[in-house]
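Here is a short walk through one protein model. Keep the sequence and the 3D view open while you read.

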Amino acid sequence: MKLKIAEVPGDGIGPEVVGQAVKAVDAVCRKFGHSAEYTMAYVGACAIDRFGDPYPEESHKICMDSDAVLFGAVGDPKYDNDPTSKVRPEQGLLAIRKKLGLYANIRPVETFKSLLYKSPLKEGLVDGADFVCVRELTGGMYFGEKGRRDNGDTAFDTNVYHRFEIERILKLAFEYAMRRHRHLTVVDKANVLETSRLWRQVAQGMEHEYPDVQTDYMFVDNASMQLIRCPKFFDVIVTENTFGDILTDEASCISGSMGLLASASIGEHTSLFEPIHGSYPQAAGKNIANPLAAILSAAMMFEYSFGLMEEGKAIRKAVAASIEAGIVTEDLASEGAKAYSTTEVGDWVAKHI
Ligand code: IPM
Ligand code: MG
């Protein structure tokens with residue numbers, strides 16, 4: 001198969017980790033007889049520097065013309081510390097999500113036996129935890145009307161959801177649950193928010209279409225507690241944009257390192273695959289960042305964009321083997337053991353594939 005991939009490294013550690021994901025993709029292509037063709041596109045602070053726009057039209061065109069987008073991260077501290085900045089790297093990520101219609105963000109949380117001790121939670125609690133967060137990605141407060149009034153002294157962000165936006169993400173989540181352990185938890189704040197009450201109403205109306213799925217409802221504050229109190233309770237979680245953002249960072253500590261969590265964003269146009277960890281500017285250029293989340297995102301790309309399950313599995317097996325063999329970056333290295341560099345881990349995984 002010929003794979004047309006938009007390579008979007010972005011900022012911070014993005015280029016370093018995407019570089020390792022590309023090595024893994026190339027290794028899989030050699031093994032299974034595919035060919036990958038990459039087109040580089042700029043999104044984030046690097047695009048502001050070059051084009052004055054965090055998601056230039058040129059980059060959008062490349063993404064639209066590709067079969068999949070392999071994404072790194074966006075962000076730069078010089079914008080984080082300046083709340084008055086008119087243009088921000090994160091706008092590039094929001095724009096690419098919106099313009100590609102990527103309404104569903106799928107974030108699997110799984111554990112690796114040999115890394116259980118890295119979790120800040122008790123081993124017995126996280127051992128065997130395995131669930132997926134389905135986060136709505138193009139609605140809610142992120143995209144609702146926002147602004148200032150009263151000379152800037154009052155600020156507002158509007159949380160808006162339309163029925164069709166809720167229906168399509170719930171449909172995807174119900175179907176996902178059907179393919180897993182048939183347990184769906186709808187997370188909302190229906191005791192306070194009108195948007196959440198619409199979510200719950202829509203979900204309750206859809207339940208009868210999926211009689212095999214056990215559906216339950218949880219308020220987001222309670223869910224944030226249950227996630228660390230009994231992570232094994234969950235199979236598929238579905239929630240709105242902001243809640244999903246927060247809960248998935250929280251969930252990442254279950255597996256021991258944020259450097260392990262991959263994601264797929266899917267919807268109307270080209271799907272996008274990105275690690276959830278962000279640009280980690282303190283580590284940029286040091287060759288120390290964990291590339292496994294980016295490499296696992298490439299596995300999701302094979303599975304979701306190309307339906308190539310064996311190829312995805314080959315990457316997953318190599319990642320598991322690297323963890324087993326202790327060929328890991330400093331965030332995962334056990335005390336006293338050697339920590340490998342980003343490129344060493346990438347090379348090892350590619351070779352193993
Ligand atoms: C994420 C990130 C983004 C988000 C930021 C960088 C805009 O935190 O993908 O979770 O809030 O969605
Ligand atoms: Mg986030």
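Begin at Asn-151, which is exposed, with a relative accessibility of 80%. The model is predicted. Asn-151 lies in the loop between strand 6 (146-149) and strand 7 (154-157). Its phi is near 55°, a positive value in a residue other than glycine.

Now move on to Arg-182. This residue is not a glycine, yet its phi is positive, at about 60°. Look for Arg-182 in the loop between helix 7 and strand 8 (183-188). Is Arg-182 buried, exposed or partly exposed? Arg-182 has a relative accessible area of 37%, so it counts as partly exposed.

Take Ser-59 to start with. Ser-59 sits in helix 3 (residues 57-64). Its relative accessible area is 3%, and the cut-off for buried is under 20%, so Ser-59 is buried. Leave out residues up to four places away in sequence, and Ser-59 touches Ala-41, Tyr-42 and Val-43.

Gln-226 belongs to helix 9 (residues 220-229). Its relative accessibility is 12%, so Gln-226 counts as buried too. Which residues does Gln-226 contact, leaving aside its neighbours within four places in sequence? They are Met-218, Pro-231 and Phe-234.

Ala-283 is in a loop, the one between strand 12 (271-275) and helix 11 (292-306). Ala-283 is buried, with a relative accessible area of 1%. Follow the chain from Ile-13 to Ala-283 and you find them 270 residues apart in sequence. In space, their C-alpha atoms are 6.6 Å apart. Ala-283 touches Ile-13, and also Glu-16 and Ile-288, not counting residues up to four places away in sequence.

Glu-16 leads on to the helices. Glu-16 is one of the helix 1 residues that make the contact with helix 13. Helix 1 covers residues 14-32. Its axis and that of helix 13 are 8 Å apart, and the two helices pack at an angle of about 10°. Why do they count as roughly parallel? The angle is about 10°. Angles under 35 degrees count as roughly parallel, so helix 1 and helix 13 are roughly parallel to each other. Their crossing is right-handed. On the helix 1 side, the contact is made by Glu-16, Gln-20, Lys-23 and Ala-27. Helix 13 brings Thr-342, Thr-343, Gly-346, Asp-347 and Ala-350.

Helix 13 (residues 342-352) also meets helix 12 (residues 309-324). Here the axes come within 9 Å and cross at roughly 125°. That angle makes helix 12 oblique to helix 13. This crossing is right-handed. Helix 12 supplies Ala-318, Val-319, Ala-321 and Ser-322 to the contact. From helix 13 come Trp-348, Val-349 and His-352.

Turn now to the aromatic rings. A pair of such rings is described by the distance of the centres and the angle of the planes. How many aromatic pairs does the structure hold? It holds six. One of them joins Tyr-42 and Phe-51. Their centres are 6.2 Å apart, with 50° between the planes, and the pair is tilted. Tyr-42 is partly exposed, with a relative accessible area of 25%. Phe-51 is partly exposed as well, at 34%. Recall that Tyr-42 is also among the residues that Ser-59 touches.

Phe-174 and Tyr-210 form a pair too. Is this pair stacked or edge-to-face? The centres are 4.5 Å apart and the planes are at 0°, so the pair is stacked. Phe-174 lies in helix 7 (residues 163-179). Tyr-210 lies in the loop between helix 8 (194-206) and strand 9 (214-219). The two residues are 36 residues apart, and the pair links distant parts of the chain. Both Phe-174 and Tyr-210 are buried.

Rings can also gather in a cluster. Phe-131, Phe-233 and Phe-234 form one aromatic cluster.

Last, look at two lysines placed over rings. Lys-98 lies over the face of Phe-143, at 4.7 Å from the ring centre. Lys-338 lies over the face of Tyr-340, at 4.4 Å from the ring centre.

Conventions:
Residues are numbered from 1 along each chain as its sequence is written. Chains are lettered from A and ligands numbered from 1 in the order in which they are written. This is a predicted model: local features need pLDDT of at least 70, side-chain atom pairs count only at pLDDT 80 or more; totals for chains, interfaces and linings use all residues. Side-chain values use heavy atoms; hydrogens and water are left out. Rings of Phe, Tyr and Trp (its six-membered ring) pair if their centres lie within 6.5 Å; planes under 30 degrees apart count as stacked, over 60 as edge-to-face and the rest as tilted. Buried means under 20% relative accessible area, exposed over 50%, partly exposed in between (1.4 Å probe, protein chains only). Helices (H or I, at least four residues) and strands (E, at least two) are DSSP runs, numbered from the N terminus. A charge sits over a ring if NZ of Lys or CZ of Arg is within 6 Å of the ring centre and within 35 degrees of the ring normal. Axes are lines fitted to C-alpha atoms, for helices over the stretch in contact, and angles run from 0 to 180 degrees between N-to-C directions. Angles under 35 degrees count as roughly parallel, over 145 as roughly antiparallel, 65 to 115 as roughly perpendicular and the rest as oblique. A crossing is left-handed if the near helix is turned anticlockwise from the far one by less than a right angle, and right-handed if clockwise. Contact means heavy atoms within 4.5 Å.
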